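Please walk through this structure with me, one part at a time.

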Amino acid sequence: MSSRGDYLTTIGVEVHVELSTVTKMFCACPNSPQDLPPNQAACPVCLGLPGALPVVNREAIRLGIRAALALRCRINETIWFERKNYIYPDLVKGYQISQYVRPLGEWGWLAIVGDDGEEKKIAIRRVHLEEDTCKLIHSGENALIDVNRSGVPLMEIVTEPVLRSGREAEEYARKLRAVLVYNGISRCRLQHGEMRAEANVSIAPRGKTDLGTRTEIKNQAGFNHMRSAIEYEERRHAGILDAGGAVRQETRGWDDVNRRTFVQRSKEDAHDYRYFPEPDLPPVRLAPEWVETEKAKLPRPYDDYLGELRSLGLGEPDIEALTRNDALGFLGEAVGGKGDKTILLAKRLIKEVFSLVNSTGRPLDESKLEPAPFRRAVELLEEGKVNGEGFRKILEALFQRGGEAEAIARKDDLLIERNDAAIEQAIAKVLSEVQPMVAEYRAGKKAVRNAIFGRVMKELKKKGDPKLVGELLDLALG
Amino acid sequence: MKITHAQFARLTLEEAIRGTTAAELSAIDLVEASAARMNVFESTINAVITRTDEVSRRNAEASGDLETSGRRILRGIPVAVKDNMMTRGIRTTCGSRILENFIPPYDATAVARLKSAGAVVMGKTNLDEFAMGSTGEHSAYGPTANPWDPGRIPGGSSSGSAALVAYGGALAALGSDTGGSIRQPAAFCGVVGMKPTYGRVSRYGLGALASSLDQIGPLTRTVRDNALILDVISGRDPLDSTSAPGADSAPPCLPGIEEGVNGLKMAFDPGLLRGNGISPAIADAVRRAVALAREGGAIVNEAAVPLIKYGVAAYYIICSCEASANLARFDGVRYGFRREGGDIWDVFSETRGRGFGDEVKRRIMMGSYALSQGYYDAYYLKAARVRRKLSEEFSRLFKTVDIFLLPVAPQFPRPLGAKAGVMEDYLGDIFTLAANLAGLPAISFPVGVFADLPAGVQAVAGPFNEHLLYRLARAVEKNTSLENAPWTLAGPKEAK
């Protein structure tokens, strides 16, 4: 009886990502499928009405270039779109505008930690652009169609079949997600379907050059599901081969309740997509100067940035918190070209902002907080212009409503009082109210000074400069 | 001054503009006369699927368009639009049952340009279903008859636009031309039809047959009217990615139209006038145009574009491939005709099986087949290569020549209902589809009447040289008489 150890697993992963553009891929409708009531982002183009024509969204192309660069792909100087023909109720034109012969990017790589613990470069075969379909909402016998998602810019990223385990596939998908978020290409929110992964799995006896018959596992809800499905398929294929059978080429889904895969479509039902060049769209030239400009605008590579944070002394728990909250890109932008204050900003982000994320249940990228005002708020604290409490109030306002740090500090009266006269006035008022304590102090009970100091600070609504207040108080107490 | 429909039918578009400008004619008079003309002829000719004279008149009255004497050039001019161009709030069928109840929420760019120039759309004209066909018989709304002889076909697919203009129901109509669909019915109905350079007129809002070949253009009774309409509808459109920068920079067509042909270099291929099943009178029509051009001072030599003979094969592959995808959207899910079925796959096949006519199904099948795995290289790619080579041949020719003259169709219009074979109809497109494959402007204009039927000739030029074609057509027009043309009649002729 042979066992699973006798087989070599081969996996290729295809990932679809919705790009963070303002408008859709081929029309001017807003790209915000979740933020609008159903069928509100709908025009003749996204409805596939007769006579409607696509116009390429340059911003989607730009994000595609950015992704291809971040994944170290070769970028084709002239690209074009093809029609991928199939009929389904969620596909308004009966074809999807996609890329086939000349994708935007080819032959890149992404480094992961392989099963042997060493760095492993996962070869990326292609990065191409296409459009999303409508969303189907099934209710009983009927299916409802939401056109809002129709025409949302999608990027497809396909690896070579070089992954060897469910663990590696999961690691690759997580790393890819982090890199895309870090580079501002997509928000990749899995719960909103902004990132979807599919895996092609096959096993073959070790030593054989043939990869074996593959099965395709569709649209898993999460990366851990993909891993479970891959591991299930490895066992299932091994069982079939051990029994002398043959694996059937088919598309399968993952049933997380029963922890198994199930047949969705057999090879006989496979589509012939009848690709041909999209005649409504002339080829797009990606001028080398354009690509160079985008290259110059990229943040430093994700792995380099992680390495730098470590070398600056940031610990693994902090790095884990930053990556878990998709905050590396945010931090990078807050640090900006200046490169200083990295650790300071990172610590404040982790301590203050993530606690807001936890208390509100609102992820950082869904808050109103922007990197530049965040940096300014930290600077106000550092410069002593606000105290800790004022800083937290500014952050909360920025998080909930957005805006500029200084404007909020001024409007909400959070700037520290540095006016000698105002402080002296407050001291005089407090001293006249607490004459017994003053007497005690002067009688040598120095400990009451702290209580008096507290009263003064309260009188100043906690925004007196503590150092200045202390000095002036000592002067008044004599 | 009220005018009768018979007077209206003899009016040119320019005369109507002058009449309204001089306040001798009111726009209302024109609209009423156009409607009256349709009342007389439509039962015989069936040029219009949906009449819009009432609604257009109401809209125009409501917006004061008919009274105000703005500077808009087509103010109050009755026109018609082929029913594959989207008209906001007005049913647009593409000649198909599958869109029998479809009311688009937007105007095609070309229609919007006509409207904003002040034109009044009187109707949506009949066509071969989805512009597939060259006889006017493949319409779900009945065939259109030829106003010269209602027993004959008007040609197609812009059958209704050509017939309506020919009987004087409108001063101009828009057609679309994928392989000759403006030029061939124009020739069969004795009117002027222009297929502009690919990219000169926006395709936005044109129900697509073959996206890389389709182009909208005008059909009119006179050459000057045609140039005037083209100048109104052409121009770059940000909504059509294939609309060309040259659409804005090309010379306008009307201003130099009277300059004649003196010094223009022309060519024709006598070889094309032999064989090809060509009627002797059609060959004579081309020779007559050559003679008139020479009289006008043009230098006419012989030249050949040999790959034209492979055009039919390349065209029907490319056109069918693109059409098979363009028509996939008609599935009964979101709009249009829908036939219920057991599950969604039944709905698809029932809807499409009953919504489309035979010619449409034939082309969807041919296109799907040619694009299938294992056949793509042999068909689509090969056809695309022939297309490129043909374009190169034309490019070489137009380095030394301004205009290439050739027939429009090999034969005169055949009797209605006398169904020729499919291949025979396809082969009839041999002279027109080359200009679509190469993206070049081509005009069809009458040169005379032979045995009571008009004969047209076709002229092709280099990209954005429509103005040269108009100069030639205008020079020939001055020497052409179309006796007993339908627009000179008080009522339709009886079918023979």
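Helices (H or I, at least four residues) and strands (E, at least two) are DSSP runs, numbered from the N terminus. This is a predicted model, in which local features need pLDDT of at least 70, side-chain atom pairs count only at pLDDT 80 or more, and totals for chains, interfaces and linings use all residues. Residues are numbered from 1 along each chain as its sequence is written, chains are lettered from A and ligands numbered from 1 in the order in which they are written, and side-chain values use heavy atoms, with hydrogens and water left out.

Start with strand S6 of chain A, residues 105–113, which holds Trp107(A). The phi of Trp107(A) is near 55 degrees, positive although the residue is not glycine. Most residues other than glycine have a negative phi, and most peptide bonds are trans. Chain B has a cis peptide bond, between Gly156(B) and Ser157(B), with omega at about 10 degrees. Ser157(B) sits in the loop that links strand S3 (120–125) to helix H6 (159–167) of chain B.

Now the domains of chain A. An automatic or database domain assignment supplies the bounds. Domain 1 covers 4–285, domain 2 covers 299–411 and domain 3 covers 420–477. The centres of domain 1 and domain 3 of chain A, taken over C-alpha atoms, are 67 Å apart.

Chain A has an open sheet of three strands, ordered S5-S4-S15, with antiparallel pairing. Two strands pair if DSSP finds at least two bridges between them. Strand S5 (95–98) and strand S15 (276–277) of chain A are the edges; each has a single partner strand, so one side of each lacks a neighbour in the sheet. Strand S4 (residues 82–85) of chain A is joined to S15(A) by two bridges. Glu82(A) faces Pro277(A) there.

Further along chain A, look at helix H10 (residues 371–382) and helix H11 (residues 388–401). They pack at about 170 degrees, with axes 9 Å apart. Axes are lines fitted to C-alpha atoms, for helices over the stretch in contact, and angles run from 0 to 180 degrees between N-to-C directions. Angles over 145 degrees count as roughly antiparallel, under 35 as roughly parallel, 65 to 115 as roughly perpendicular and the rest as oblique. H10(A) and H11(A) are therefore roughly antiparallel. Contact means heavy atoms within 4.5 Å. Among the residues that meet are Phe374(A) and Leu381(A) in H10(A), and Phe391(A) and Leu398(A) in H11(A).

Turn to chain B. Its open sheet of 11 strands runs S1-S3-S2-S4-S6-S5-S10-S11-S9-S7-S8, with mixed pairing. Strand S1 (48–51) and strand S8 (299–302) of chain B are the edge strands, each pairing on one side only. Neighbouring strands of this sheet are turned by 30 degrees against each other on average, direction ignored. Strand S2 (residues 78–82) and strand S4 (residues 172–177) of chain B pair in the parallel sense over three bridges. One bridge sets Val79(B) against Ala172(B) in S4(B). Helix H14 (residues 377–400) of chain B lies across strands S7 (265–268), S9 (403–406) and S11 (453–461), at about 115 degrees to S9(B).

How many residues does each chain bring to the contact? Chain A gives 31 residues and chain B gives 39 residues. The two chains bury about 2700 Å² between them, 63% of it on carbon and sulfur atoms. Buried area is the accessible area (1.4 Å probe) that two parts lose on being put together, summed over both. Pro50(A), Leu53(A) and Ile87(A) supply 22% of the area that chain A buries against chain B, more than any other three residues.
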